[in-house]
Amino acid sequence: MIDPQAFPAALREGLMALAADMATHGTRRDDPAREVMGMLGDRWTSLILQVLMIGTWRHADLKRALSRLSAEQAISQRMLTLKLRALERDGFVARHVTGDVPPRVSYALTDLGLALAQQGRAMIDWLNAHSAVILAARAGFDANSD
């Protein structure tokens, strides 16, 4: 537990509120707040969610779209499968398999996944709107760091 007396008085109330929120929603590595935020910060998950917002995708088409949109270039078959499974496990993506021969597999956002992707889109829009300020701050910091 955190000792509030170890911190300046002006910070204690906010720190205790944050600690209480974390205690309520989890601080373990596998708690959703930590695990999903970590997943969203990886190289592919946010882009996968944004592409899935467009509609239902077959695996090969999704892989091709991601590879063309990403600065990292091609996502491997294995990595895409791992990311989709993680998103499916958390209830963000639905996997649909047809009875065709061979079976056709497609992926779409669930309602929960769509809500998450929309939050991500709002963050991307905010970042895009503030990119000039962020770049100026970086340049100022870098100039003073040398």
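1. A residue is called buried when its relative accessible area is under 20%, exposed when that area is over 50%, and partly exposed in between. The structure discussed here is a predicted model.

2. Across the whole structure, a search finds six salt bridges. The points below describe some of them, including the pairs formed by Arg28.

3. Asp30 is joined to Arg28 by a salt bridge, in which the closest N and O atoms are 3.3 Å apart. Arg28 itself has a relative accessible area of 54% and is therefore exposed, this value being over 50%.

4. Arg28 also forms a salt bridge with Asp31, and here the closest N and O atoms are 3.3 Å apart. Asp31 is buried, because its relative accessibility of 8% is under 20%.

5. Which residue forms a salt bridge with Arg121? The partner is Asp125, and the closest N and O atoms of this pair are 2.9 Å apart. Both residues belong to helix H6, which covers residues 111–129. Arg121 and Asp125 are four residues apart in that helix, about one turn.

6. Is Arg121 buried, partly exposed or exposed? With a relative accessible area of 31%, Arg121 is partly exposed. Asp125, at 40%, is partly exposed as well.

Methods:
Residues numbered from 1 in each chain as written. Predicted model: local features only at pLDDT ≥ 70, side-chain atom pairs only at ≥ 80, totals over all residues. Heavy atoms only, no water. Salt bridge = Lys/Arg side-chain N within 4 Å of Asp/Glu carboxyl O. Buried < 20%, exposed > 50% of the residue type's maximum accessible area, 1.4 Å probe, protein only. Helix = DSSP H or I, 4+ residues; strand = E, 2+ residues; numbered from the N terminus.
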